[in-house]
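Hi there,

Here is the structure I promised to pass on to you.

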Amino acid sequence: MRKSTSGWMGMGSGGLTTRSALGLTFVASALTACGADTEANVGTLPQALGSAATAGSGTPPAPGGTAGASAALPAPNVDVRRSLAITDQPILVNFGLQRVLQQIITTSGVAGLTPTAFFQQWWDTQNTNALAVGPGPHCDDLTDANGTPLLNGYPYTCRATPAEGSQASCDPFAAGSACSYSPVGLFMRFDLAPADGRHCGEYRIVYAKDSGRTADGTQNRNLLIFEAALPNPHANQGIRGCQKIVRAWADLSTEPDIDKRRIQLERIYFNGFDEFDPVVTYKNYGENPLGAGQVRTNSFVHPNAPRVWSLREFKIQRPCSPGCSLAFMPVTDKVNPFGPLFGATSNDANAAAFQAEFVTQIPSLAASDPSTISMNVSEVFNSGQSQAAAAVTETNYPANFATAPIAFRNAIQASLTALGSSLTPDDIVQRAQVNACAGCHRFSNNAILGNSVVWPPSTGFTHVSEKDAELETAGGVTRFHISDTLVNLLLPHRKQVVEDFLNNVPHPDGPPGKPIGGRWGD
């Protein structure tokens, strides 16, 4: 691994705040995608960005700049399965979870921590204090007067032993481990780069619990998504400072040798591509001035009823007082407002403020292009869990909206009328649902969103399947299956974003912190 250039050091704080969760302090990005953190306070841009706001409009950097060296080359025809969503087993073989956790530890400089202990601390966050294995944090560190665990003021259901918390006592790297994981995908998310280039998007690795690969493991599934935000080493050039790394991914489309593609991807993730830091660096998972990057989970390790798919988010933090440690910290799911805020029955003091803010999001939710349907949500409204089960309505927005105050419905309709839209308030709430993790992964499968738009389905609960029965072969190479949502909607849009960027096509105007792909979420 090459020495990190600490690409985040040139970035200012951008107006970040800190919030308390589970009795500890973590860096909180105000607004983001379903797990894709994007700095929200566009009024306090880091000074180091220089001319980033103008560079984000599609204007190339000045001649002679490092990032501009390849700007004149036309974009290749991007093959989404080589450059954007890579699930080929021969490529993934060297992206094991132990290697990634070890590199995160190594780049942090924290001594004496092993990948096994780091993994176990992560899952101990889902245990109650009564069942805890280590010092914390734990799911019930903060509770209300009735003893209900809370995160950000909203319910945070403990997933203690024998559910996901059981992994706090399991070694995932031991032979025959009951909690072993395998990589199932690499995902290039330049479309999540803020339009002003404060970072270059997210570069993800997805893991699946090996127990979910067989039919008898359907109630013992867990997916882990390491979503690193890559710092822009040319922040003064704005989004054009990301040119070289975007082209490196795009050029994988024209490389026929799968082993050469694997070597290039390992270089990008573990060694660093030219002046870009390695993707796998502890700072890229939330411990940076922008609070960008995170790790998310999609969990169904639930042997006992009620069985609920739960999607959650974590930051990797390195607190020092005085010695330094490294830990996974539970944080809110982004663009995941607490469902009862949509309804009239909510006793939450934030309901009125949320409903007022939601009305301001109608223009982006009413987008004619389904790949750009989006909303932005202030952190104060986000829950720490996205619950995807038919019997649980917490994150089912249409179910909660069924009891919405008439004034809220009327305000949504007035905004739609002003836009000249034929959509209804119920259509808008269905569109809000696709931005939440529970919606994108389950509730919005084949959902009717108005104006003849139907949201394509996931694979059931996930967007990449670890199941052996769903493996597919392309060009003689075995790869993991991905969802219709990706194949038919999201990947074509991301392909267009990459090709337009490399061809110097100006992207649509928007707030400087809004992702270049137009969506705050997914």
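**What I found**

Let me start with a pair of helices: H6 and H7 cross in a left-handed way. Left-handed here says that the near helix is turned anticlockwise from the far one by less than a right angle, while clockwise would be right-handed. Helices (H or I, at least four residues) and strands (E, at least two) are DSSP runs, numbered from the N terminus.

Before you go further, please note that this is a predicted model, in which local features need pLDDT of at least 70 and side-chain atom pairs count only at pLDDT 80 or more, while totals for chains, interfaces and linings use all residues. Residues are numbered from 1 along each chain as its sequence is written, and side-chain values use heavy atoms, with hydrogens and water left out.

**The chain as a whole**

The chain has 14 helices and 16 strands. Of its 522 residues, 59% are buried; buried means under 20% relative accessible area, exposed means over 50%, and partly exposed is in between (1.4 Å probe, protein chains only). Among contacts (heavy atoms within 4.5 Å) with a separation of 6 or more, 71% are between residues 24 or more positions apart.

**Helix H6 and its two partners**

Two packed helices are described by the angle between their axes and the distance between the axes. The axes are lines fitted to C-alpha atoms, for helices over the stretch in contact, and angles run from 0 to 180 degrees between N-to-C directions.

H6 covers residues 243-250 and H7 covers residues 258-271; their axes come within 10 Å and cross at roughly 150 degrees. That makes the two helices roughly antiparallel. As for the wording, angles under 35 degrees count as roughly parallel, over 145 as roughly antiparallel, 65 to 115 as roughly perpendicular and the rest as oblique.

Which residues of H6 meet H7? They are Ile245, Ala248 and Trp249, and on the H7 side they meet Gln264, Leu265, Ile268 and Tyr269. (Ala, Val, Leu, Ile, Met, Phe, Trp, Tyr, Cys and Pro count as nonpolar, Asp, Glu, Lys and Arg as charged, and the others, Gly among them, as polar.)

H6 also packs with helix H14 (residues 484-502), at an angle of about 125 degrees and with the axes 10 Å apart. That makes H6 oblique to H14. This crossing is left-handed. Here Gln243, Val246, Arg247 and Ala250 in H6 meet Val498, Phe501 and Leu502 in H14. The classes in this contact are five nonpolar, one polar and one charged.

Eight of the eight residues of H6 are buried, so the helix is largely enclosed by the rest of the structure.

**Salt bridges**

Side chains of opposite charge can pair when their charged atoms come close. A salt bridge is counted when a side-chain nitrogen of Lys or Arg is within 4 Å of a carboxyl oxygen of Asp or Glu, and a search of the whole structure finds 22 of them.

- Aspartate 191 pairs with arginine 189, with the closest N and O atoms 2.8 Å apart. Aspartate 191 is buried at 6% relative accessible area, and arginine 189 is buried at 2%.
- Glutamate 466 pairs with arginine 221, again at 2.8 Å between the closest N and O atoms. The pair links distant parts of the chain, 245 residues apart: glutamate 466 is in the loop between helix H13 (437-443) and strand S15 (472-474), and arginine 221 is in strand S10 (residues 220-231). Both residues are buried.
- Glutamate 266 meets arginine 262 at 2.3 Å, N to O. Both lie in H7, four residues apart, about one turn of the helix. Salt bridges with shared partners join Arg99, Asp259, Arg262 and Glu266 into one network.

**Two more residues to look at**

Valine 110 is in the loop between helix H4 (97-108) and helix H5 (115-124). Is valine 110 buried or exposed? At 11% relative accessibility, valine 110 is buried. Leaving out residues up to four places away, valine 110 touches Ile105, Arg318, Cys324, Ser325 and Leu326.

Serine 415 belongs to helix H11 (residues 406-419). Serine 415 is buried at 17% relative accessibility and, beyond its neighbours within four places in sequence, is in contact with Val359 and Ile362.

Enjoy exploring!
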